[in-house]
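Hi everyone, thanks for coming. I'd like to walk you through one model today, starting with its charged pairs.

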Amino acid sequence: MASAGQHDASGGIEVGLVKPGDVGGGLTKDVRHGHGRMAHNMSSSSLRKRSEVSLFSTVRCRFLRRLLANLQEIFLGTKLFVLFPAVPFAIVAQSYGFGRAWVFTLSLLGLTPLAERVSFITEQIAFYTGPTVGGLLNATCGNATELIIALFALYKGKIDVVKFSLIGSVFSNLLLVLGTSLFCGGIANLRKEQSFDRKQADVNTGLLMLGALCHVLPLIFRCGVTSAEQNASISATLTLSRICSILMLAAYIVYLFFQLKTHRQFFESQEEDEDNDVVVHEDEAVIGFPSALAWLVGMTIVIAILSEYVVGTIEAASDSWGISVSFISIILLPIVGNAAEHAGAIIFALKNKLDITLGVSLGSATQISMFVVPLSVIIAWILGRSMDLDFKLLETSALVFSILLVYFILQDGSSHYLKGFVLMLAYSAIGTCFFIHRSPDENDGVDVDALHAILRS
């Protein structure tokens, strides 16, 4: 079977499916064997299943055979393929005016397998571009769902939804994903020593603390002014947030250089066999480069469509379910949007491979905090929207204490189920807080003055 980009006898372009083991064309030995795999890719691959390429071998038309095999690899090469029907159902529900809550729910379910497939496609592209470009793709597309949702919310002026969803994603990765993984891994490995390399965890927690500082400064700046200086304070807080966002993006760029070049060994993940002998996991490309690029563009467009549905129907879902927008944005959106990545982290924790689990949870939290959040502030600046880094006292305090809790739990380089249980309880406490708390604009039409009069009587 020819490699991607070649032409068949009829002059048509190959669909780009590459037969397993036939990856020599255009791929260097360093890409195939010379480097370990990043934790994010290792986690995503845990939910994949190898498709039977020979399923369409009896089809006579060469182009059709390759096309069907390509479609099979994309749509049946994941254990989440059962959720793909939610994508057309969401589009139909939106087009024919079904209930807005149904559109919201179907869109969220449809985003789950799409996020996993984007991770798969970027990994396929990395086979052809090399580990550095592949790492950059992973660094920008690893949280594509959150970024696209944030962009649509910014475009529609829903700044609070942007802030809630992004900080909720950090909470989810730091407390829910890591906590569930450590708890399940501890239960499954009660009689085994659970340890991990602290180097990667220290790097990520340091960056997370820098991000928290950039959130705290605008909050302190706003709270430290008098009412007479309030208008000037708003403008100054916005300016401070934009400057801090530029500094955060600079830190993230240096972090990428640190991760992909100078200290790559901190972040590489190697698999271990049952005898604890380190072996390099040998993979091969199963989709050609042109086809992978086309699929990446196509799935990004579909994610954008579903993200627009989510942003446009979140208030309707809030009213229908009787749940605040803040709770939906902080708790529900991150859980459903990153379900595939989260499941992969738990699977590797069950196998006592905590370095991969920490790489997934802390790496994703760092990417959101130091890349997606400041990028959203800069894009809002370009769009003329007033988004700052002041995430209010409740959200910022919860963020700081979450990072500190994770730091202290990971400081000894070992794990057991109690540590995971503590993180899970912390996430439950934060979730309960936002379930009860409703912002002033979420009073559902309640007459506050009348309510106060009733209470006084």
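**Salt bridges and a helix pair**

So, the structure holds 7 salt bridges, a salt bridge being a side-chain nitrogen of Lys or Arg within 4 Å of a carboxyl oxygen of Asp or Glu. Please keep in mind that this is a predicted model, where local features need pLDDT of at least 70, side-chain atom pairs count only at pLDDT 80 or more, and totals for chains, interfaces and linings use all residues. Residues are numbered from 1 along each chain as its sequence is written, and side-chain values use heavy atoms, with hydrogens and water left out.

Let's look at Arg-222 and Asp-390, whose closest N and O atoms are 2.3 Å apart in a salt bridge. Arg-222 sits in helix 9 (residues 198-223), while Asp-390 is in the loop between helix 14 (354-383) and helix 15 (392-410), 168 residues away. Helices here are DSSP runs of H or I with at least four residues, numbered from the N terminus.

Is Asp-390 buried or exposed? Asp-390 is buried, at 2% relative accessibility, whereas Arg-222 is partly exposed at 28%. Buried means under 20% relative accessible area, exposed over 50%, and partly exposed in between, with a 1.4 Å probe and protein chains only.

Another salt bridge joins Asp-412 to Lys-419, with 2.7 Å between the closest N and O atoms. Here Lys-419 is buried at 10%, and Asp-412 is partly exposed at 48%.

Now to helix 16 (residues 417-436), which meets helix 8 (residues 159-188) through residues including Phe-421 and Tyr-427, with Phe-171 and Leu-175 among those on the helix 8 side. Contact means heavy atoms within 4.5 Å.

Methods. Axes are lines fitted to C-alpha atoms, for helices over the stretch in contact, and angles run from 0 to 180 degrees between N-to-C directions. Helices (H or I, at least four residues) and strands (E, at least two) are DSSP runs, numbered from the N terminus.
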